Amino acid sequence: MASDDVHQREKDIVSSVRPPHQRRLSPFVISGRPEEKQLGISTRRLNVNDFALLKTLGTGTFARVWLVKSKEEQQRKDKVYALKMLRKADVIKLKQVEHVRNERKTLADVSGHPFVTTLIASFSDDQHLYMLLDYCPGGEIFSYLRRARRFNENTSKFYAAEIALTIEFLHDVEGVVYRDLKPENILLDAEGHIKLVDFGFAKQIGDRETYTLCGTPEYLAPEVIHNSGHGLAVDWWALGILIYEFLVGQPPFWDQNPMRIYEQIVEGRIRYPQNMSPAAQNIISLLCKTNPTERLGYISGGSARVKAHPFFEDINWDDLWYRRIKGPIIPRVDHPADTGNFEEYPDPDVRNQTPYSDDMRNKYEPLFADF
């Protein structure tokens, strides 16, 4: 398929998944009737008491993700969701207000993409912000990589190709830089396809640059460390690091001391194992150019040059987009609410939580209006 046709198809998808503002259906109608394409809406019809909280799927510094079931849908044993709960006071205290707003906006804009977690709806109450997401029962790709120690080239190529399609879409259609690519943020669905999650560092920048230092040390591009301004090119650097980690079992730049990691990254010297194929070595070296203006994906030809690289020569991109290719790892999922592929987490400790004060509310509540 010609590149222009692919981009037109992606634009058609975006226009069809963006929620119309004139109607507000129940999110459960939305998720049950995807042809309505009203995903990612902010709704006043929901509150946390509409859900039974079943189990924690993940935690962060100011957020917890729960597996939930709608009390409205209790008779449907097959329907569960992931509910991301963010404490407003902690979001403010940790200076994450802009990141949280960017996350909700980006997920709403791209809902319906085959390799991005689907934001069904967002809502809020006095203390929390909520994002209701589709549940991805396969768990983190990180867990499979640690168990296997490393992936073979075909497995690595499959996941890298689905990620490349996702980066292409975020960059070319939405002008969004993702900025947090790593195995922990890639989930597998029941069919073994990826779902990119955690868009907390995503930002719509187009062809502009931004200066926020964010991301995981081993995956930071040199220009982020230099704080010289960074753009969309940082995601292609991270893809190179990710392909290396898939094939080797650890990222190319590593040290107990983050400052030493940064020194290695800026130096940009990657050592390749002898058994890594020339095509894999070459694509990593081109994606991990320390000068972003020389980096594959960002140079002239953009994402099309990445997809045309010999590393991906046997990938049928159209079949991949439509999920006609079987995933190399099919997670064990015994039933729709199976959480066996996720770690166990302790119950939340509510004793030392920061209260959402009146001063915070007066200053910040208007910024949470999008929820």
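These legends describe close-up views of a predicted model.

**View 1. Overview of the fold.** The protein holds 13 helices and ten strands. Of its 371 residues, 54% are buried. The accessible surface is about 17200 Å², and carbon and sulfur atoms account for 48% of that area. Take the contacts between residues at least 6 apart in sequence: 66% of them join residues at least 24 apart.

**View 2. The largest nonpolar core.** This core contains 89 residues. Tyr-159, Ile-163, Leu-181, Leu-239, Ile-243 and Phe-312 have the most contacts inside it. Helix α8, residues 233-248, gives the most to this core: twelve residues. Domain 1 (38-136 + 336-367) and domain 2 (140-322) both give residues to the core, so it lies between them. In soluble globular proteins, nonpolar side chains tend to be buried together.

**View 3. The surroundings of Tyr-159.** Tyr-159 is among the residues with the most contacts inside the largest core. Neighbours within four places in sequence are left aside here. The remaining contacts of Tyr-159 are Ile-141, Phe-151, Leu-188, Gly-192, Ile-194, Phe-246, Pro-328 and Ile-329. A second, separate nonpolar core has 14 residues, including Met-85, Ile-120, Tyr-130 and Leu-132.

View 4. Strand β4 spans residues 81-87, and seven of its seven residues are buried. In a regular strand the side chains alternate between the two faces of the sheet. Both faces of β4 are covered. One side carries Tyr-81, Leu-83, Met-85 and Arg-87. The other carries Ala-82, Lys-84 and Leu-86. Strand β3, residues 63-70, pairs with β4 in the antiparallel sense over six bridges. Here Arg-64 stands opposite Met-85. Strand β6, residues 128-134, also runs antiparallel to β4, joined by seven bridges. Asp-134 in β6 is the bridge partner of Tyr-81.

**View 5. Lys-84, an annotated position.** An unreviewed UniProt entry places the feature "binding site" at Lys-84. Lys-84 is found in strand β4. Is Lys-84 buried or exposed? Its relative accessible area is 11%, and buried means under 20%, so Lys-84 counts as buried.

How values were computed. Residues are numbered from 1 along each chain as its sequence is written. This is a predicted model: local features need pLDDT of at least 70, side-chain atom pairs count only at pLDDT 80 or more; totals for chains, interfaces and linings use all residues. Side-chain values use heavy atoms; hydrogens and water are left out. A nonpolar core is a set of buried Ala, Val, Leu, Ile, Met, Phe, Trp, Tyr and Cys residues joined through side-chain atoms within 4.5 Å. Buried means under 20% relative accessible area, exposed over 50%, partly exposed in between (1.4 Å probe, protein chains only). Helices (H or I, at least four residues) and strands (E, at least two) are DSSP runs, numbered from the N terminus. Domain bounds come from an automatic or database domain assignment. Contact means heavy atoms within 4.5 Å. Accessible areas come from the Shrake-Rupley method with a 1.4 Å probe; for residues, only the protein chains shown count as cover. Two strands pair if DSSP finds at least two bridges between them. UniProt positions are given in the numbering used here, feature names are shortened, and annotations may be inferred rather than shown by experiment.
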